Amino acid sequence: MNKAKKQNPAPATVAILMGSQSDWVVMEQCAQTLQKFEVPYTAKVMSAHRSPSLVHEFASDAEVSGIKIIIAAAGGAAHLAGVLASLTTLPVLGVPMNSKINGLDSLLSTVQMPKGIPVGTLAIGEAGAINAAILAVQILAIYDETLKQKIIDFRKNAEAEIRKIKLEN
Ligand code: RP5
């Protein structure tokens, strides 16, 4: 029998929160992007209107548990990011989820925070989910040279992919 102890995973520095399990199909790409950069994260479902006490509990404990950045995704009357931002001084990145009106309701609800409590808002859906992860890595990279190098390499690879493209003419 293998008695080797499992290593404890590094404590999460990024929290990916979403209003519904139905958001996970998109937000999983945020998680996968953080995995590529080897940034430890936690992902949870909590809703500003269906489970407000859970949101309050999470926000009160987040900083002390080592979270540095919160990514909050919600759709429709999307107030999860704004509510979280009001409850913590950690930076909150909002990702508007697609909706029955193409995510415009989610976008405006997330981006249009009144002055004083900012939410850094990304694009609607998949692009926003992936960019929220990259932006979180860039923020963490301010004090982490290894992460900074990973961002530089990521961009070099993106450019190399573009240079490879050959069209007919
Ligand atoms: C929001 O309502 C969620 O963030 C989700 O985007 C949207 C729809 O939720 P479900 O009805 O699929 O649970 O709170």
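I begin with Ser51, which sits in the loop between strand 2 (41–45) and helix 2 (52–62). The structure is a predicted model, in which local features need pLDDT of at least 70 and side-chain atom pairs count only at pLDDT 80 or more, while totals for chains, interfaces and linings use all residues. Residues are numbered from 1 along each chain as its sequence is written, and side-chain values use heavy atoms, with hydrogens and water left out.

Helices (H or I, at least four residues) and strands (E, at least two) are DSSP runs, numbered from the N terminus. Ser51 has a relative accessible area of 18% and is therefore buried, where buried means under 20% relative accessible area (1.4 Å probe, protein chains only). Its side chain reaches the backbone nitrogen of Ser47 at 2.9 Å.

Next, Ala78, in the loop between strand 3 (69–74) and helix 3 (80–87). Ala78 counts as buried, at 3% relative accessibility. Leaving aside residues up to four places away in sequence, Ala78 touches Ser106, Ser109 and Thr110, contact meaning heavy atoms within 4.5 Å.

Finally, helix 1 (residues 24–36) packs against helix 5 (residues 126–140) at an angle of about 30°, with axes 8 Å apart. Axes are lines fitted to C-alpha atoms, for helices over the stretch in contact, and angles run from 0 to 180 degrees between N-to-C directions. The two helices are therefore roughly parallel to each other, as angles under 35 degrees count as such. Residues of helix 1 that meet helix 5 include Val26, Met27 and Cys30.

Definitions and conventions
Angles under 35 degrees count as roughly parallel, over 145 as roughly antiparallel, 65 to 115 as roughly perpendicular and the rest as oblique. Buried means under 20% relative accessible area, exposed over 50%, partly exposed in between (1.4 Å probe, protein chains only). A polar contact is a pair of N or O atoms within 3.5 Å; within protein, one must be able to donate a hydrogen and the other to accept it, and residues adjacent in sequence count only if both atoms are side-chain atoms.
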